Amino acid sequence: MVNDYLETTAPDILCIGDVNGGLMLAHVASHEAFVAVDNCLGARRARDLRFTPSCTYSSPEVASVGLTEEQAAESGYQPITGTYRFAALAKP
């Protein structure tokens with residue numbers, strides 16, 4: 001596990017990707033690599049995963065990006081939700 005700056009409990013050791021206990025997605029690891037390099041070079045940059053796209057491999061596929069309805073409400077937003085019947089999609 002790491003903190004938002006990708007620091008481990010070992011001094012001067014940062015960790016990115018699948019092994020740090022976070023989201024196991026290639027684009028997250030790439031973002032974390034940029035953050036880790038900046039931090040190794042003296043910056044104090046936190047990873048920001050608020051806008052991370054994600055998907056569920058199902059049929060039909062499901063994707064998401066941004067805050068969940070609960071997270072939005074907790075952040076002071078007034079989320080508006082909607083539904084759509086999968087049967088109405090033009091996909092088999």
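The model is a predicted one, in which local features need pLDDT of at least 70 and side-chain atom pairs count only at pLDDT 80 or more, while totals for chains, interfaces and linings use all residues. Residues are numbered from 1 along each chain as its sequence is written, and side-chain values use heavy atoms, with hydrogens and water left out.

The structure holds four salt bridges, the term standing for a side-chain nitrogen of Lys or Arg within 4 Å of a carboxyl oxygen of Asp or Glu. One of them joins arginine 44 to glutamate 7, with 2.7 Å between the closest N and O atoms. This pair links distant parts of the chain, 37 residues apart, since arginine 44 lies in the loop between H1 and strand S1 (54–56) and glutamate 7 in the segment before H1; helices (H or I, at least four residues) and strands (E, at least two) are DSSP runs, numbered from the N terminus. Arginine 44 counts as exposed because its relative accessibility is 54%, whereas glutamate 7, at 28%, counts as partly exposed; the classes are buried under 20% relative accessible area, exposed over 50% and partly exposed in between, with a 1.4 Å probe and protein chains only.

Another salt bridge connects aspartate 38 with arginine 45, the closest N and O atoms being 2.5 Å apart. Aspartate 38 is partly exposed, at a relative accessible area of 28%, and arginine 45 is partly exposed at 30%. The side chains of arginine 50 and aspartate 48 likewise meet in a salt bridge, at 2.7 Å from N to O; arginine 50 is partly exposed at 48% relative accessibility, and aspartate 48 is partly exposed at 33%.

Leucine 23 is placed in the segment before helix H1 (26–40) and is partly exposed, with a relative accessible area of 42%. Not counting residues up to four places away in sequence, leucine 23 touches Val28, Leu49 and Thr52, contact meaning heavy atoms within 4.5 Å.

Finally, valine 62 lies in strand S2 (residues 62–64) and counts as partly exposed at 38% relative accessibility.
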